[in-house]
Amino acid sequence: MKLTVFGATGGIGGELVRQALTAGHEVTAVVRDPAGLGLTGDRLEVVRSDLADPQELRAAVRGRDAVLSGLGARGRKNAGVTVRLTRTVLGAMEAEGVRRLLVVSAAPVGPAPADDGALDRGMRRVVSAVLKDIYTDLREMEAELARSGTDWTSVRPPRLQDKPLTGRYRTVVGGFPRAGRFIGRADVAHAMLSMIDARETLKQGVGVAY
């Protein structure tokens, strides 16, 4: 497949590029600073962009089978950046008629499992309060997706870890795995790549966790 990855220098974005290349896909990585990517290959094209102008990104998404985004705020002071950058990506995709889009969101944005225990409910409330601005940003991003003409999927992980790829995790379409508290960035990327052709995930949020 021909894929475009946004946020390719981030933890999940870098894994998306690495795993996609390993799987034999052609990858266009859109980055602000190419020096931060640290990956090369015959099937890798690197595009430098600050994601300010949808017209500038049209060539980066033209003719692609899917677009994957690891864009997100790197802290509370950057809250609001995700929805802004995602609007730019959506504008480029819609101008080029590219439909498949998978993005990273977060577990608290979606519904909690109905049978979650008291500890997990309490942790969710605390995290949601502390990172309120970030989750507001992600909810607004998901609202933009819902208004768009794309076949989107929002992947919602819990607390992220830097761990080797395992390929072993749980997913729940429209919900979240019970007592799912952690997942490695590499496994989030693996899940996103595995969902590209999964029709049951179209226009859905998908909880993913160990």
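Author: Please do. Leaving aside neighbours within four places in sequence, Leu16 is in contact with Val5, Leu68, Ala189, Met192 and Leu193. Please bear in mind that this is a predicted model.

Reader: What makes these residues contacts of Leu16?

Author: Contact means heavy atoms within 4.5 Å. Val5, Leu68, Ala189, Met192 and Leu193 are in contact with Leu16 in that sense.

Reader: Which residues touch the most other members of the largest nonpolar core?

Author: They are Leu16, Val17, Leu44, Leu68 and Met192, in a core of 29 residues. Two or more residues come from each of β1, α1, β2, β4, β5, α6 and β10. A second, separate core has 26 residues, including Ala60, Val81, Val83 and Ala92.

Reader: How do you know that Thr4 is buried?

Author: Buried means under 20% relative accessible area. The value for Thr4 is 0%, and therefore Thr4 is called buried. This residue lies in strand β1. Not counting residues up to four places away in sequence, Thr4 touches Thr28, Val30, Ala60, Val61, Arg64, Ala66, Val67 and Leu68.

Reader: Why is Ala179 called partly exposed?

Author: Partly exposed lies between the limits of under 20% for buried and over 50% for exposed. Ala179 has a relative accessible area of 29%, so the description applies. Lys203, with 41%, is partly exposed as well. Ala179 belongs to the loop between β8 and β9, and Lys203 to the loop between α6 and β10.

Reader: What is the phi of Ala179, and what is that of Lys203?

Author: Phi of Ala179 is near 55 degrees, a positive value in a residue other than glycine. Lys203 likewise is not a glycine and has a positive phi of about 55 degrees.

Reader: Why are β3 and β8 described as standing at the edges of the sheet?

Author: The eight strands form an open sheet in the order β3-β2-β1-β4-β5-β6-β10-β8, with mixed pairing. Each of β3 and β8 has a single partner strand, so one side of each is left without a neighbour in the sheet. From one strand to the next, the twist averages 20 degrees.

Reader: How do you know that the length of α3 is close to the expected one?

Author: Helix α3 has 16 residues and reaches 23 Å from its first C-alpha to its last, whereas 22 Å is expected at 1.5 Å a residue. Its buried residues include Val81, Leu85, Val89 and Met93. Among the elements covering the buried residues of α3 are β1, α2 and α5. Just after α3, Gly97 takes a positive phi of about 70 degrees.

Key. Residues are numbered from 1 along each chain as its sequence is written. This is a predicted model: local features need pLDDT of at least 70, side-chain atom pairs count only at pLDDT 80 or more; totals for chains, interfaces and linings use all residues. Side-chain values use heavy atoms; hydrogens and water are left out. Helices (H or I, at least four residues) and strands (E, at least two) are DSSP runs, numbered from the N terminus. Buried means under 20% relative accessible area, exposed over 50%, partly exposed in between (1.4 Å probe, protein chains only). A nonpolar core is a set of buried Ala, Val, Leu, Ile, Met, Phe, Trp, Tyr and Cys residues joined through side-chain atoms within 4.5 Å. Two strands pair if DSSP finds at least two bridges between them. Axes are lines fitted to C-alpha atoms, for helices over the stretch in contact, and angles run from 0 to 180 degrees between N-to-C directions. The expected span of a helix is 1.5 Å times one less than its number of residues.
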